[in-house]
Amino acid sequence: MAADLVDRKVDVIAAMAGTPPAVAAKGATSTIPIVFSGGDPVERGLVASLARPGGNLTGVSSLDLSPKRLEMLSELVPGTKSIALLVNPNNPFAESTTTNAQEAARTKGVQLHVLKASTESEIDAAFTTLAQTHVDGLIQPSDALFNSRLDQLVALASRHAVPTIYAWREYPAAGGLISYGPSLTGIWRQLGIYAGKILNGAKPADLPVQQPTIFELVVNLNTAKALGLTIPPSILGRADEVIE
């Protein structure tokens with residue numbers, strides 16, 4: 001797809017939904033401007049630095065919020081002793097996400113179970129394992145596969161009665177329990193602004209890579225009730241949106 005866009009001689013390529021599209025676009029052209037979202041672009045070699053990208057790419061990076069999500073889940077579920085983390089081993093940031101979550105779990109005195117899934121069937125199998133470990137909650141970080149299987153993941157969390165915290169508000173909007181992460185709308189708006197600047201003559205090398213500035217905490221009270229959970233005032237008071 002990236003090669004096809006280059007053949008079409010487009011003016012700008014928007015590589016969204018994580019690092020792989022940006023890596024593919026970078027591999028296809030060193031001249032057509034590319035705006036991307038997600039991941040650590042310096043670590044992945046997409047840009048020289050956030051302040052000075054230095055090439056034909058710029059965009060919006062992301063932060064690993066797994067430690068914060070673990071803290072919120074511990075706050076949400078009374079007496080939390082064990083939490084699971086679901087990662088896609090094919091995601092280039094799965095290892096760093098796991099390490100960060102493990103450190104946060106040790107600090108919190110919580111046991112962390114790491115489950116891996118890279119296909120639809122493996123997602124089902126992960127939840128079967130989850131039911132056997134009797135964890136108190138689940139952290140689901142952002143991943144292109146997971147985001148494409150949103151309905152499946154929300155349904156499995158409901159079926160197995162696992163309190164789950166997600167990366168995007170789209171999950172609680174679809175029936176998930178809670179989410180904490182950047183605003184997708186805010187990220188896409190920033191990419192649109194950068195694409196517009198580039199179309200007006202700006203160079204990607206001169207546009208610093210942005211970091212998300214808008215974060216959303218969304219809670220679904222209906223799901224909490226179904227799970228037998230009472231959302232503590234400390235979370236409700238910080239929520240940007242409460243779905244009833």
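Q: Which residue forms a salt bridge with Arg 238, and how far apart are the closest N and O atoms?
A: A salt bridge here is a side-chain nitrogen of Lys or Arg within 4 Å of a carboxyl oxygen of Asp or Glu. Arg 238 has Glu 75 as its partner, and the closest N and O atoms are 3.4 Å apart. This is a predicted model, where local features need pLDDT of at least 70, side-chain atom pairs count only at pLDDT 80 or more, and totals for chains, interfaces and linings use all residues. Residues are numbered from 1 along each chain as its sequence is written, and side-chain values use heavy atoms, leaving out hydrogens and water.

Q: Where do Arg 238 and Glu 75 lie?
A: Helices (H or I, at least four residues) and strands (E, at least two) are DSSP runs, numbered from the N terminus. Arg 238 sits in the loop between helix 11 (233-236) and strand 10 (241-243), while Glu 75 is in helix 3, so the pair ties together parts that are 163 residues apart in sequence.

Q: How many salt bridges are there by this rule?
A: The count is five. One of them joins Glu 71 to Lys 68, with the closest N and O atoms 3.8 Å apart. Both residues lie in helix 3 (residues 66-76), three residues apart, about one turn of the helix. Another joins Glu 120 and Arg 149 at 3.2 Å, N to O. That pair links distant parts of the chain: Glu 120 is in helix 5, and Arg 149 is in the loop between helix 6 and helix 7, 29 residues apart.

Q: Which side chain of opposite charge is nearest to Glu 216?
A: Here Lys and Arg count as positive, Asp and Glu as negative; His and the chain ends are not counted. For Glu 216 the nearest is Arg 169, 4.6 Å away. Glu 216 is buried yet has no salt bridge. Contact means heavy atoms within 4.5 Å. Leaving aside neighbours within four places in sequence, the contacts of Glu 216 include Arg 169, Tyr 180 and Asp 240.

Q: Which strands pair with strand 9?
A: Two strands pair if DSSP finds at least two bridges between them. Strand 9 covers residues 215-220 and holds Glu 216. Strand 8 (residues 178-182) pairs with strand 9 in the antiparallel sense, over five bridges. In that pairing, Pro 182 has Phe 215 as its bridge partner in strand 9. Strand 10 runs parallel to strand 9, joined by three bridges. Val 218 stands opposite Glu 241 in strand 10. Five of the six residues of strand 9 are buried, so this strand is largely enclosed by the rest of the structure.

Q: How many residues does the largest nonpolar core have?
A: A nonpolar core is a set of buried Ala, Val, Leu, Ile, Met, Phe, Trp, Tyr and Cys residues joined through side-chain atoms within 4.5 Å. The largest has 32 residues. Among those with the most contacts inside it are Leu 86, Phe 127 and Leu 130. Elements giving two or more residues include strand 4 (82-87), helix 5 (120-133) and helix 9 (184-199). Helix 9 gives the largest share, six residues. A second, separate core has 27 residues, including Met 72 and Ile 231.

Definitions and conventions:
Buried means under 20% relative accessible area, exposed over 50%, partly exposed in between (1.4 Å probe, protein chains only).
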